[in-house]
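Reader: I would like to go through the terms used for this model one at a time, and to hear on what grounds each of them is applied.

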Amino acid sequence: MALRQLSVSDLKAVSETLEGKPPLDVLGWALEEFSPELALACSFGGPTGMVLLDMLSKLGALNGKAHVFYLETGFLFPETHALREEVEDRYGFKAAAYSSDISLEQMAEKHGPELWARDSDLCCEIRKVEPNARALVGMRAWLSGIRRDQASTRRETAIVDWDAKFNLAKVSPLVAWSEAQVWTYIVENRVPYNALHDRGYPSIGCMPCTRPVKPGEDPRAGRWAGTDKTECGLHVQPK
Ligand code: SF4
């Protein structure tokens, strides 16, 4: 474990040196620098999380060197739970579940029915952002599977950056990969993936806020469809 603390400018400099390096090398650096205070938030609803999980397994990091967790929003698809159980068996680890302090019933009592349809930002804050912050307590860095080509809000993502929202470093080894590279890795390495991907769902989140997309539609068009929301808030930095 590295003993020194990296400053924000150190992280920027490291990020520049890691540009162009294979994701496995970036992960290796992150493990050396931050393990065991390194977390992976895996949604089991996107292919990039599965790639990172497989790479961590190849690096022998699923035995406590990295803290793998998921956000149990109360709205996950059965296929998402099935995938998590399948990969837990396959890789021999257990993902930690983090959920909101308030139940779905309590949320309805406090904020009214179907909050996600009226104020999705508040719903995401309650069911995702706050539990995510709790999952990251004690961590020095977290891994993210986001890619620059996923959304205009992600175009400038650095490989390593300071995450001011959660107060720790953020490492995104797959930022420069295309969707085709992700799927090539999945096929070549026989990585399990969410069954909904084969049924028209390129991006999978909570049931009320996810629909399949039509051919030619933006892959993220099925998330919060009919609204201008594109992010759940986990990867949006404070202004
Ligand atoms: S994705 Fe939808 S249901 Fe899930 S936390 Fe956000 S608003 Fe709520």
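Reader: Which residues are closest to the ligand, and how many surround it?

Author: In this predicted model, the ligand is surrounded by 13 residues, the closest being Trp116, Cys123, Cys124, Cys206 and Cys209. The largest share of that shell, five residues, is supplied by helix α7, which covers residues 120-135. By class, the shell divides into eight nonpolar, three polar and two charged residues.

Reader: Why is Asp54 called buried?

Author: A residue is buried if 20 or more other C-beta atoms lie within 10 Å of its own, and Asp54 has 20 C-beta neighbours inside 10 Å, so Asp54 counts as buried. Asp54 lies in helix α3, and, once its neighbours within four places in sequence are left aside, Asp54 is in contact with Asn189 and Val191.

Reader: What makes helix α5 hardly covered?

Author: Among the eight residues of α5, residues 104-111, the count of buried residues is zero. The helix is followed by Gly112, whose phi is positive, near 95°.

Reader: What makes β3 and β5 the edge strands of the sheet?

Author: The sheet is open, its six strands standing in the order β3-β2-β1-β4-β6-β5 with mixed pairing. Strands β3 (96-98) and β5 (160-163) each pair on one side only, and they are the edge strands. On average, and with direction ignored, neighbouring strands of this sheet are turned by 35° against each other.

Reader: Which residues have the most contacts inside the largest nonpolar core?

Author: That core has 46 residues, and those with the most contacts inside it are Ala30, Ala39, Leu40, Leu56 and Ala66. Helix α3, residues 47-58, gives the largest share of this core, six residues. For Leu56, again leaving aside its neighbours within four places in sequence, the contacts are Leu27, Leu40, Ala61, Leu62 and Ala66.

How values were computed
Residues are numbered from 1 along each chain as its sequence is written. This is a predicted model: local features need pLDDT of at least 70, side-chain atom pairs count only at pLDDT 80 or more; totals for chains, interfaces and linings use all residues. A residue is buried if 20 or more other C-beta atoms lie within 10 Å of its own, exposed if 12 or fewer, and partly exposed in between; C-beta atoms are placed from the backbone. Helices (H or I, at least four residues) and strands (E, at least two) are DSSP runs, numbered from the N terminus. A residue is near a molecule or strand if its C-beta atom, placed from the backbone, lies within 6 Å of it. Ala, Val, Leu, Ile, Met, Phe, Trp, Tyr, Cys and Pro count as nonpolar, Asp, Glu, Lys and Arg as charged, and the others, Gly among them, as polar. Two strands pair if DSSP finds at least two bridges between them. Axes are lines fitted to C-alpha atoms, for helices over the stretch in contact, and angles run from 0 to 180 degrees between N-to-C directions. A nonpolar core is a set of buried Ala, Val, Leu, Ile, Met, Phe, Trp, Tyr and Cys residues joined through C-beta atoms within 7 Å. Two residues are in contact if their C-beta atoms, placed from the backbone, lie within 7 Å.
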